[in-house]
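Please open the model in your viewer and keep the selection tool at hand. The stops below say what to select next and what is there.

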Amino acid sequence: MQTKLLAYATVLEGSAWGGVILASSDSAGFVAFSLLHAAAALVASLALTTLLAPGSRRARLSLLPLAFALLFALPLIGIPLILLWLLGVRRLRARHRAATFAEVSVPPFDIHLTTRPRFRFTGAGGMLANARVPVDTRVGALLALSQVPGRIATPLLRRVLACSNEDVRLLAYGLLDAQEKRLNAAIHEALSRYAVGGAERLAAAERLTELYWELVYHGLAVGDVRRHALESCLAYAEEVLAVRPHAEMKLYKARALHALGQLEQAAALYRELDELPPSRVLPYLAELAYDQGDYATARQLIGRLDRLATVPRLAAVVRYWSAA
Amino acid sequence: MRADITLLLEGTYPFVSGGVSSWVHQIIRAFPEWRFHLVFLGSRREDYGPMRYELPSNVAGLETHYLFEPEAPPPLEVLEPSPQVMAEVEALHTSFLAGVPPAQAMARMASMYPTLLQGDHLTREHFLRSRAAWETICSRYKRFCTDPSFVDYFWTVRIMHAPLWKLAAIARNLPASRVYHTISTGYAGFLGALAKAHHRRPLILSEHGIYTKERKIDLLQAQWIKDNRNVFQRDPTEVSYYRSLWIRFFEWLGRACYEAAQPIIALYEANRQRQIQDGANPARTRLIPNGVNLARFAPLRAQRSTRVPPVLCLIGRVVPIKDVKTFIRAMRRVVNVLPEAEGWIAGPEDEDPGYAQECRNLVASLGLTEKVRFLGFQKVDELLPKIGLTVLSSISEALPLVILEGYAAGVPTLATDVGSCRQLVEGLTPEDRALGPSGAIVGIADPTALADAALALLTDEARWQAASRAAIARVETYYADQMMFDAYRKVYSEAMERG
């Protein structure tokens with residue numbers, strides 16, 4: 001195809017130049033030369049564009065006016081230049097054709113990458129659990145977790161404790177230990193104040209209620225230690241309530257009872273908390289109903305919550321339980 | 001006085017008790033035919049108490065050096081190193097950057113040893129007080145530091161480099177020795193590399209834990225390292241500049257030691273692989289596990305009562321790496337189920353008094369004051385006949401001697417899945433595994449699993465007896481000290497012949 005077009009172009013160009021040499025230099029001769037030369041340039045340009053790889057339509061359309069302009073503007077050196085270019089392109093194409101393609105294997109299917117991370121706003125859970133993720137990346141994810149609230153970070157860190165890589169495992173341990181250390185130091189300090197007695201004792205008991213609950217809430221206490229923390233929380237809350245009853249302490253007591261599985265007593269206490277806004281008590285009552293298997297009550301209680309007045313995480317729960 | 005073997009010891013024997021120190025003591029006593037010289041490297045003098053071991057008679061000398069001891073400032077005077085030396089320093093630091101082959105950096109580092117060791121072309125004062133050093137620090141801060149604080153950069157670089165001149169001076173003044181033997185990488189390992197370069201004698205490395213890894217974990221969690229980036233500059237997944245600077249510093253010290261040492265000894269295979277990963281030449285690595293004196297511990301078996309005592313004993317220093325808190329938490333459950341059970345913590349508390357106090361506070365807050373006892377340092381020979389299980393709740397271990405000592409006395413163990421503990425409990429080879437489990441293995445920081453495994457062993461007499469028999473068979477077959485001594489005799493003899 002290109003050869004034919006180039007042959008036509010050569011004939012046309014030859015005719016144009018033949019006209020210049022043979023004919024006189026009047027205006028009609030110049031017009032005839034220009035027309036033949038333009039036709040030759042156009043045909044040669046078409047020949048050039050066919051050299052481009054099939055399927056590159058946009059590139060051909062871009063090259064056509066450029067090649068035409070060059071060939072038309074440089075009548076004497078245009079053809080040799082293009083021929084040289086053509087030769088170069090052919091050699092390049094031949095070399096390109098001779099090059100062998102490397103086989104690209106299908107990447108291994110990694111099931112961890114398809115599992116939905118539990119911690120959706122960072123995806124850290126999936127990354128930390130994935131042994132294929134480079135150690136440095138996992139270390140980075142762990143460092144990022146140190147900026148995340150304990151309640152969210154703790155279960156993720158605890159899972160990493162079983163990681164086969166020691167660096168990752170030890171760093172996760174260190175982060176967990178740092179959280180625990182902070183709370184245990186505060187507990188010790190409060191216990192010391194509690195032991196002193198007097199006016200300090202009640203304030204210390206209140207603080208201890210909060211701190212033991214924190215241990216549980218952040219998931220730092222597990223197994224029998226969790227039970228001990230809950231029992232301690234309950235005991236200190238009862239001590240405070242016996243002297244100075246107030247809603248906050250009742251809520252701690254109710255949550256401790258709830259977590260210890262004493263559901264009836266917890267429910268009774270939750271219902272006494274009238275002075276607290278419903279958004280603070282209803283979710284626990286609903287959770288308790290859910291734990292008792294009373295899903296209709298759970299739905300009804302959740303339905304009483306104002307969607308707009310809840311935090312985003314709870315909003316999703318409200319949306320789910322409010323659906324028909 | 002000339003010594004046959006100079007031991008380079010960082011933060012261990014003879015001032016700190018523990019597994020590594022016990023091992024060093026064992027080795028010195030095993031070779032009375034050779035004279036040992038000891039070099040102890042510490043942080044500051046006040047961090048260490050009196051010697052914990054009576055030095056055997058074949059110890060020819062002990063020298064102590066404290067790398068971070070405050071020093072009186074020298075008189076101010078203008079000192080300038082030659083531009084050529086500073087260019088070499090600059091080139092060396094550039095070769096530590098990412099993308100440069102480690103072999104090239106190691107070659108440059110080795111080429112700097114003579115300059116460092118000669119002590120006149122590039123002195124500590126040149127580094128601390130010259131204009132050329134100041135300009136180098138400024139220039140590198142501008143080019144590489146991603147933290148906005150120059151003050152922190154300046155002091156980090158100074159504190160990081162200053163001990164190197166102390167190590168060079170120690171290396172220069174070491175007494176003549178046929179062999180140098182370092183028991184870790186880090187500063188002691190770098191001292192070994194310098195000693196080898198200066199005295200042209202072989203260097204042996206025995207690593208119990210992996211120093212570089214342990215420093216890396218410490219540094220990733222360290223509170224004293226600054227990160228001055230604001231919330232917009234900081235990427236929470238990124239290790240801060242100063243932290244990564246310190247980590248790389250210890251990695252290169254480790255590489256320098258691996259480059260100089262032959263052989264490079266690990267206690268078990270996973271650690272040998274880690275050494276290779278950190279730059280050790282695989283051909284120079286070798287495994288020599290720990291061993292215990294069977295003749296010393298075997299008679300203790302006869303001292304045991306017929307009933308398994310419901311006593312769990314953590315024998316070890318009260319330090320964070322032993323995770324004593326998990327043991328205490330596990331005791332909460334053990335006591336709930338088996339009220340007559342007791343937990344003993346037998347080990348010195350002076351290495352990290354703050355942590356020891358936290359452990360005591362935890363015992364109080366869990367209401368275990370009557371059940372968990374802190375015994376302080378104890379003679380294991382007196383302790384082992386009275387306990388039902390040795391417990392290691394550690395987050396990191398190598399090949400713990402305390403497990404082997406318990407085995408030799410017929411006491412099974414309960415350990416976390418760290419270091420070679422699984423190998424010690426379940427066996428390594430098929431023949432070893434056929435002996436049966438000599439205790440149980442649980443995950444780290446899992447008090448419930450630790451308690452349940454302890455209860456399963458302590459409340460099932462037949463199971464405990466089977467574990468005890470397996471423990472005795474395993475230690476007698478694979479971990480007798482004589483095997484370890486034979487291996488080290490060969491290592492020392494080969495090195496002495498080579499040197």
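Buried area is the accessible area, taken with a 1.4 Å probe, that two parts lose on being put together, summed over both. This is a predicted model, in which local features need pLDDT of at least 70 and side-chain atom pairs count only at pLDDT 80 or more, while totals for chains, interfaces and linings use all residues. Residues are numbered from 1 along each chain as its sequence is written, chains are lettered from A and ligands numbered from 1 in the order in which they are written, and side-chain values use heavy atoms, with hydrogens and water left out.

Begin by selecting chain A and chain B together: about 2,600 Å² is buried between them, with 57% of it on carbon and sulfur atoms. In this pairing, 29 residues of chain A are in contact with 31 residues of chain B, where contact means heavy atoms within 4.5 Å.

Next, select Glu166(A) and Lys213(B), whose side chains form a salt bridge at 2.5 Å, N to O; the term stands for a side-chain nitrogen of Lys or Arg within 4 Å of a carboxyl oxygen of Asp or Glu. Across the interface of chain A and chain B, six salt bridges are found by this rule.

Which helix supplies the largest share of the side of chain A that touches chain B? It is α9(A), with 15 residues.

Finally, select Leu81(A), which lies in helix α4 (residues 78-98) of chain A. Because its relative accessibility is 45%, Leu81(A) counts as partly exposed, a class between buried (under 20% relative accessible area) and exposed (over 50%), with a 1.4 Å probe and protein chains only.

Terms used
Helix = DSSP H or I, 4+ residues; strand = E, 2+ residues; numbered from the N terminus.
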